[in-house]
Amino acid sequence: MNANSKVSIVIPFYNCAYVRTAIESALSQTYPNIEIIVVNDGSTQHMEKIVPYMDRIVYVEKENGGTASALNAGIRRATGDYFAWLSSDDMFEPNKVARQLAFMHEQGAKVSYTSYVHMDGQGVIFGGPSGIGCSTKMEFYKTMQKGCIINGCTVMLHMDVFQKTGYFNETRKYTQDYDFWMRVMKRFHFFYLNESLVRYRVHPEMGSRKHESAIVKEIQSIQAIYRKQLDALIAKERLTITFPIITLSIGGAQRMLAEMVNGLAAKGHDVSVLMPPEGAINYTINAKIIRTKQNYMILEKDYPEADVIVSNFYTIVPGAHQASLNGKGVHVRLSLCYEPAFLPENHISFPTYHISKHTVVLSNWQKQLITLNHGHQAHIVPVGVGNAFRNHHIRDTQTQLQISAIMRRPEGGYSWHREQDYLINQLEIVQAKYPQVRINLMTPPEEFHSSPLLQAIKANHPTFRYLTPGHDGAMAYHYNETDIFVNSSTYDSASLPGLEAMRCGAALVTTYNGGNMDYCRHEQNGLMSYRYENRLAADVGRLIEDADLRRRLAAAGEIEASKWTWERSVDAFERVLYDIRASR
């Protein structure tokens with residue numbers, strides 16, 4: 001693509017009182033290499049508004065034939081490398097052509113569209129941004145099946161596109177744009193620039209208001225004509241994905257798996273969960289469940305054919321990789337934790353990171369760790385926070401300051417990284433110095449009832465309050481009771497509870513644990529300390545004594561946590577899977 005490409009701006013004009021402002025906005029472009037083609041489509045009014053610009057535009061006059069015919073006349077007259085459409089009642093922002101063309105050069109795009117804002121008849125902006133971007137081609141196709149999400153004046157495309165798809169359909173009086181995009185989609189990808197570069201005018205004389213019923217009929221006709229084409233494009237983008245999973249019991253790692261399975265299935269992908277017969281399912285799963293015949297094992301022969309196999313634990317990796325070698329799908333390892341430094345049998349788990357070249361991690365810290373040890377340049381898919389977790393603003397109704405933390409079952413060796421002995425010690429210090437506060441310990445119910453060690457902690461600390469929330473709603477309520485949430489983990493790929501607590505409006509006091517560095521920043525939206533500093537209790541005390549600091553950190557933490565949605569996570573994972581498929 002030539003950095004000095006010429007852009008032809010075509011302005012169809014028919015009896016429009018706003019044409020002068022449209023031409024002015026085109027002439028005001030910061031990008032120099034443009035031509036402005038005004039096509040008079042048989043107007044009987046307002047031609048005098050064009051006269052002052054005749055020496056600065058290409059003027060085309062024709063009999064009235066509708067917008068599509070005017071656009072086509074302008075395109076045939078154009079000498080540029082790129083086409084942009086500007087309706088005579090709309091306006092381009094001054095940097096529209098420069099910014100969009102640079103974006104297209106960066107992306108290698110033949111076609112792009114942008115966001116826009118609404119303005120009234122006097123040019124006053126009153127709404128927007130109104131652009132709709134899609135994270136993948138399949139989402140774009142499915143959205144376009146329902147209706148046209150592209151504002152034609154935001155589009156820029158290379159002139160080559162017309163050679164492949166033809167021109168605007170002149171039999172379409174109102175929906176020539178929707179019809180044309182349908183044909184373009186078959187051969188080209190629409191890149192979306194999420195910047196408002198167009199001002200779309202809303203006024204009583206606009207065609208979309210005056211001819212609404214006719215427009216609806218044309219839309220229905222277009223959707224019927226192109227339905228099979230879009231179905232085929234969607235089917236081409238749909239992935240068949242197998243998730244071999246040992247258990248979906250309550251926990252951060254299992255929550256991540258459940259959200260990815262359900263999110264990808266909701267996007268229209270064919271998702272299956274392959275699981276041993278005794279594997280627990282404590283989350284609602286909206287995908288096919290395939291039970292294997294062997295207890296605690298998933299063998300190569302159990303795998304169905306798929307596009308992608310997503311393993312998540314070192315014991316699953318060898319079988320998943322062998323299934324991949326046997327043509328059952330490309331193997332992608334979703335590393336929910338770096339097992340060699342976390343679990344026993346690191347002499348077994350460490351070599352499994354040498355097997356698959358496609359690795360997905362949850363945080364920058366985890367990516368660096370795996371890169372240093374194995375050389376993988378892993379993809380990052382961040383964790384998210386569910387919709388149940390939000391601030392209910394009930395803290396002001398409480399008379400007692402509440403400090404909360406999570407305790408997990410110590411038996412089995414899976415909780416050493418949580419530094420729970422240190423956590424209890426620090427909470428004892430807090431309780432002794434601030435006896436007026438309430439300290440809550442939260443544990444999944446089945447873990448508490450099956451753990452003698454947790455029950456002993458309760459017996460030895462009668463002043464602590466023990467909670468066993470069994471679902472997200474209950475967990476979110478207790479987060480909302482919490483003024484200060486305390487986390488003592490020193491080794492976590494993502495550290496989800498701290499993020500959930502922040503989303504519910506609690507101030508976070510935590511140790512650095514790797515994964516939480518992506519969302520928590522010391523003194524900005526939480527208080528963080530390294531374990532050797534032995535400062536957890538002191539930081540909690542600081543927030544007990546300084547209510548203004550506590551509220552400031554809680555407010556900043558809630559804003560940060562609101563960005564971490566499962567929708568964002570699923571979108572990121574889907575893009576990774578598409579990228580891996582494309583690289584094969």
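Is Cys504 buried or exposed? I looked it up, keeping in mind that this is a predicted model. Cys504 comes out at 0% relative accessibility, so I put it down as buried.

Next I checked whether Cys504 has a partner. Its sulfur sits 16 Å from the closest cysteine sulfur, which belongs to Cys520, and that is too far for a bond. The cut-off I use for a disulfide is 2.5 Å between sulfurs.

Then I ran the disulfide count, and it came to 0. Cys16 is in no disulfide either: the nearest cysteine sulfur, in Cys153, is 11 Å away. I also looked up the burial of Cys16, and its relative accessible area is 9%, so it counts as buried.

On to the helices. I picked α4, residues 137-146, and α8, residues 212-237. Their axes are 9 Å apart and the packing angle is about 165°. Over 145 degrees counts as roughly antiparallel, so that is how I logged α4 relative to α8. I noted the crossing of α4 and α8 as left-handed.

Which residues make the contact? From α4 I listed Lys137, Met138, Tyr141, Lys142, Met144, Gln145 and Lys146. From α8 I have Gln223, Arg227, Leu230, Asp231, Leu233, Ile234 and Glu237. Sorting the residues of this α4 and α8 contact by type, I get 6 nonpolar, 2 polar and 6 charged.

Methods: Residues are numbered from 1 along each chain as its sequence is written. This is a predicted model: local features need pLDDT of at least 70, side-chain atom pairs count only at pLDDT 80 or more; totals for chains, interfaces and linings use all residues. Side-chain values use heavy atoms; hydrogens and water are left out. Axes are lines fitted to C-alpha atoms, for helices over the stretch in contact, and angles run from 0 to 180 degrees between N-to-C directions. Helices (H or I, at least four residues) and strands (E, at least two) are DSSP runs, numbered from the N terminus. Angles under 35 degrees count as roughly parallel, over 145 as roughly antiparallel, 65 to 115 as roughly perpendicular and the rest as oblique. A crossing is left-handed if the near helix is turned anticlockwise from the far one by less than a right angle, and right-handed if clockwise. Contact means heavy atoms within 4.5 Å. Ala, Val, Leu, Ile, Met, Phe, Trp, Tyr, Cys and Pro count as nonpolar, Asp, Glu, Lys and Arg as charged, and the others, Gly among them, as polar. Buried means under 20% relative accessible area, exposed over 50%, partly exposed in between (1.4 Å probe, protein chains only).
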